[in-house]
Amino acid sequence: MSEDKWVYALEEAELTDGEKKALVIDGQRIAVIKKSNALFAISNKCVHMECPLSKGELEGYVIKCPCHDWRFDIRTGEFLDATELTIPTYQLKVSDGKIFLKMQGETQ
């Protein structure tokens with residue numbers, strides 16, 4: 001059984017409110033988003049055709065896929081039009097201004 005591991009992602013100062021950063025960590029495409037001074041980390045691949053969600057429009061806590069307008073809640077990963085579909089979300093923590101992501105057992 002694999003253990004959870006925290007992996008450095010980026011500096012907290014690199015994100016302003018409403019900004020999205022596309023990263024590749026441990027081979028996973030991840031988008032880190034700052035919204036209302038809270039941080040969220042989601043898969044950067046839409047479940048439909050793997051379009052990069054980081055290129056989508058953010059309205060409130062909803063990110064819209066740039067390819068076909070599929071809408072996901074960045075807090076839960078839930079697809080708003082069919083809640084049985086979700087994208088992975090990742091736990092994160094901030095320590096000394098650095099953002100770390102939990103990379104095993106990542107789906108909340």
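Three strands make an open sheet in the order S5-S6-S7, with antiparallel pairing; two strands count as paired if DSSP finds at least two bridges between them. The edge strands here are S5 (57–59) and S7, each pairing on one side only. From one strand to the next, the twist averages 25°. This is a predicted model, in which local features need pLDDT of at least 70, side-chain atom pairs count only at pLDDT 80 or more, and totals for chains, interfaces and linings use all residues. Residues are numbered from 1 along each chain as its sequence is written, and side-chain values use heavy atoms, with hydrogens and water left out.

- S5 and S6 pair in the antiparallel sense over 3 bridges; strands are DSSP runs (E, at least two residues), numbered from the N terminus.

**The S1-S10-S9 sheet**

- Another open sheet of 3 strands runs in the order S1-S10-S9, again with antiparallel pairing.
- Strands S1 (6–11) and S9 (92–95) stand at its edges with a single partner strand each, so one side of each has no neighbour in the sheet.
- The twist averages 30° from one strand to the next (axes are lines fitted to C-alpha atoms, and angles run from 0 to 180 degrees between N-to-C directions).
- S1 pairs with S10 (residues 98–102) in the antiparallel sense over 5 bridges, and the partner of Leu-10 in S10 is Ile-99.

**Positive phi in two loops**

- Asn-37 is not a glycine, yet its phi is positive, at about 60°.
- You will find Asn-37 in the loop between strand S3 (28–35) and strand S4 (38–43).
- Asn-37 counts as exposed because its relative accessibility is 62% (exposed means over 50% relative accessible area, buried under 20% and partly exposed in between, with a 1.4 Å probe and protein chains only).
- Asp-69, also a residue other than glycine, has a positive phi near 65°.
- Asp-69 sits in the loop between strand S6 (62–64) and strand S7 (71–73), and it is partly exposed at 47% relative accessible area.

- Lys-34 lies in strand S3.
- Lys-34 is buried yet has no salt bridge (a side-chain nitrogen of Lys or Arg within 4 Å of a carboxyl oxygen of Asp or Glu).
- The nearest side chain of opposite charge to Lys-34 is Glu-12, 4.6 Å away; Lys and Arg count as positive and Asp and Glu as negative, while His and the chain ends are not counted.
- Leaving aside neighbours within four places in sequence, Lys-34 is in contact (heavy atoms within 4.5 Å) with Leu-15, Thr-16, Asp-17, Gly-18, Glu-19 and Leu-39.

How values were computed
Helix = DSSP H or I, 4+ residues; strand = E, 2+ residues; numbered from the N terminus.
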